[in-house]
Amino acid sequence: MSSLNADIQARFGIEAPADIETELSSEASASLSRILGRRSFRRFTDEPVSEALRTTLLACAQSASAKSDLQQYSILDLRDPAKKAAMAELCDTGWMADAPVLLVFCGDMRRGQRVCDMRGYAHAQNTLDSFMNAAVDAALAMQAMILASEAAGLGCCCISQVRKRLPQVAELLGLPHGVFPIAGFAAGWPNETRDVTRRLPPSVVVHRDTYDDTDLAAGIDQYDQTRHAARPLGNQINPEKFGTAAFYGWSENAARRLSEPSDLGGLRAYLETHGFDFA
Ligand SMILES: Cc1cc2nc3c(=O)[nH]c(=O)nc-3n(C[C@H](O)[C@H](O)[C@H](O)COP(=O)(O)O)c2cc1C
């Protein structure tokens, strides 16, 4: 079996497709292999990340596609240890403070509003669509940052917990109206071993020509079983409320999680009081 097929097998736990590697250069295979084997890291050595590497990785992040070339996002690069510690506390995520690289990716409608102002035009796109475009631009830049960091040998992890206490985070980072955090991003030289996390079978996620989830239950069941066999989930969510399941697969965990309100629930109130009209 080629190494790419082995990567696919490890990612999904299902039969890999016919040998693909003959179609690819060794550089292309190596790039795809890195993507297939990616995983999040949350523990880092003390070794710093050089300025040259940071600058290069941020340039990679900014090389992501952006809707209509409007580039409606900003990246906060946190260097001040006191500020990093304060962020970690606001996010209830202690390990963030020790990450050599700590960024916050933000959707940014404000820059476009200012550009309109500079050119003497009224900004007319304070809409739900603008909000989504800014969020998508920020997410794509973050994904480019992830892939670039991993290509350089760093480990990294996104942090949605930056949205746990939005008003306080905005104050700490000086975020003006029109700017909202989508996620934090921590990176450094890995100091832990992590496994690849199994993903849903492509048959569940990829729909050919027409959306069709007729076989969802069977696909989820297969995923629950193969994922459990590879690496069972640890603690069950809230057994006092939901009981202790004899078999605790991904779907039980996901359903328990989704049946309770998220602790990141303050986004609408934050946006409505920070410059977004959703017109
Ligand atoms: C947008 C986003 C937000 C995330 N937020 C957190 C977080 O707040 N804390 C955390 O420990 N991991 C966070 N993660 C990491 C996910 O838990 C992780 O990607 C997922 O469990 C799959 O593991 P893998 O990345 O190793 O494949 C986040 C990932 C994404 C994409």
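**Stop 1: a strand pair**

Select Cys156 first: its bridge partner in β4 is Ala187. Keep in mind throughout that this is a predicted model. Now widen the selection to β3 and to β4, residues 179-188. The two strands run antiparallel, joined by five bridges.

**Stop 2: the ligand**

Stay with β3, residues 155-159, and show the ligand. Which element gives the most to the shell around the ligand? β3 does, with three residues. Select the whole shell next: Arg39, Ser40, Arg42, Cys157, Cys158, Ile159, Ser160, Gln161, Ala183 and Thr197. Colour these residues by type, and they divide into four nonpolar, four polar and two charged.

**Stop 3: the whole protein**

Zoom out. The C-alpha atoms fill a box of roughly 60 × 50 × 45 Å along the principal axes. Count 12 helices and four strands. Of the 279 residues, 24% are buried. Among contacts between residues at least 6 apart in sequence, 78% join residues at least 24 apart.

Now colour by domain. Domain 1 covers 3-36. Domain 2 takes two segments, 51-194 and 263-272. Domain 3 is 202-258.

**Stop 4**

Go to Gln62, in the loop between α3 (51-61) and β1 (73-78). Gln62 is partly exposed, because 14 other C-beta atoms lie within 10 Å. Gln62 and Leu76 are 14 residues apart in sequence, and 13 Å apart in space from C-alpha to C-alpha.

Move on to Asp92, in the loop between α4 (81-90) and β2 (101-108). Check its backbone: phi of Asp92 is near 50°, a positive value in a residue other than glycine. Why does Asp92 count as exposed? Asp92 has 11 C-beta neighbours inside 10 Å, and a residue with 12 or fewer is exposed.

Finish at Asp209, in the loop between α8 (202-205) and α9 (216-230). Here too phi is positive in a residue other than glycine, near 70° for Asp209. Asp209 is exposed, because 5 other C-beta atoms lie within 10 Å.

Terms used: Residues are numbered from 1 along each chain as its sequence is written. This is a predicted model: local features need pLDDT of at least 70, side-chain atom pairs count only at pLDDT 80 or more; totals for chains, interfaces and linings use all residues. Domain bounds come from an automatic or database domain assignment. A residue is near a molecule or strand if its C-beta atom, placed from the backbone, lies within 6 Å of it. Ala, Val, Leu, Ile, Met, Phe, Trp, Tyr, Cys and Pro count as nonpolar, Asp, Glu, Lys and Arg as charged, and the others, Gly among them, as polar. A residue is buried if 20 or more other C-beta atoms lie within 10 Å of its own, exposed if 12 or fewer, and partly exposed in between; C-beta atoms are placed from the backbone. Two residues are in contact if their C-beta atoms, placed from the backbone, lie within 7 Å. Two strands pair if DSSP finds at least two bridges between them.
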